[in-house]
2 protein chains.
Amino acid sequence: MNIGEAATQSGLPAKTIRYYEEAHVAPEPARTEVGYRDYSENDVHLLRFIHTARRHGFSLEECRELVSLYTDPDRSSRDVKVVAEQKITEIDRKLKDLRSMRRTLSTLVKECHGDQRPDCPILKGLAQGAK
Amino acid sequence: MNIGEAATQSGLPAKTIRYYEEAHVAPEPARTEVGYRDYSENDVHLLRFIHTARRHGFSLEECRELVSLYTDPDRSSRDVKVVAEQKITEIDRKLKDLRSMRRTLSTLVKECHGDQRPDCPILKGLAQGAK
DNA sequence: GATAGGGCTTCCAGTTACTGGAAGGTCAAG
DNA sequence: CTTGACCTTCCAGTAACTGGAAGCCCTATC
């Protein structure tokens, strides 16, 4: 199947698939006689795998690692577990940051009368380094 | 005060302050006779403002906007409120995504026995496009 | 007064993960 | 046979820094 179809099936833009290939994350597919990329079901499977990992916050570097764990028949599931657990810790940190940002902003918005008066609690809050 | 001190007081690395200046987000400070940047209290205030806004997820473009709203004595607080409210909506979307990512990963980790067996639910989950 | 260390300057390059566009070949439909 | 939608490569640009080189400047110590 050509790259357009692989894009549809994996959910990744064709441009991104080519980029992943160049970055040695995605597989190098077979080529047709005229040079079109020709993806197998297995290739698409891997593309979907990468897409999902990316959506779950794994960097391309980490995806490379996951792909090699995935395609290596001798890997232990413990290696994968460690990577995933680190990722969860990271997500927790991000969640904490975002929640704190949200708290500050919504407090500030609540206090802002939103009219023409020159006084704005949001700007004041940011200026005072509100957490 | 020189850039090192401004960096300490604003929490931004000196390198980043220079970058912000070049990007017309941070103020252009005065210069000493030998060409060192010389920041006023007010400059540092603005740097801290920008730093906080960045930490709250505002892009440099948005920071530029906030700074001009901040320094413009004629701005209405409504303009600021609108920007902040959009930011909250965006944060909510990110929170939702992260929570979903976390759910998937922790389910997969829980199911992973983490030993040498070649079977790993995490990789399987990613391959199946777990949400 | 020489020297060592830090801090400051500019500029150039690299990073991550794409995205857009140009120039050109290919393919299927009408 | 032409049109339009594909595909190819390559080159450039994006955001928001970060690192490094080359070269002043300033202070402290021997």
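Begin by selecting chain A, which has 6 helices and 2 strands; helices (H or I, at least four residues) and strands (E, at least two) are DSSP runs, numbered from the N terminus. Followed from the N terminus, the elements of chain A run α-α-β-β-α-α-α-α. This is a predicted model, in which local features need pLDDT of at least 70 and side-chain atom pairs count only at pLDDT 80 or more, while totals for chains, interfaces and linings use all residues. Residues are numbered from 1 along each chain as its sequence is written, and chains are lettered from A and ligands numbered from 1 in the order in which they are written.

Next, colour chain A by domain: domain 1 covers 1-73 and domain 2 covers 76-131, with bounds that come from an automatic or database domain assignment. Where the two meet, 6 residues of domain 1 of chain A are in contact with 5 residues of domain 2 of chain A; contact requires C-beta atoms, placed from the backbone, to lie within 7 Å. The domain 1 side of this meeting place has 3 nonpolar, 1 polar and 2 charged residues. In this classification Ala, Val, Leu, Ile, Met, Phe, Trp, Tyr, Cys and Pro count as nonpolar, Asp, Glu, Lys and Arg as charged, and the others, Gly among them, as polar.

Now select Gly57(A), in the loop between helix H3 (41-55) and H4 of chain A. Gly57(A) is partly exposed because 17 other C-beta atoms lie within 10 Å; a residue is buried if that number is 20 or more, exposed if 12 or fewer, and partly exposed in between, with C-beta atoms placed from the backbone. Leaving aside neighbours within four places in sequence, Gly57(A) is in contact with Lys87(A), Ile91(A) and Met101(B). Display the C-alpha atoms of Gly57(A) and Lys87(A): they are separated by 7.6 Å, although the two residues are 30 residues apart along the chain.

Move on to DNA strand C. The largest share of the surface near DNA strand C, 3 residues, comes from H2(A).

Finally, select DNA strand D, which 17 residues surround, the closest being Asn2(A), Gly4(A), Arg37(A), Ser59(B) and Leu60(B). H2(B) gives the most to the surface near DNA strand D, with 3 residues. The residues of that surface divide into 7 nonpolar, 5 polar and 5 charged.

Key
A residue is near a molecule or strand if its C-beta atom, placed from the backbone, lies within 6 Å of it.
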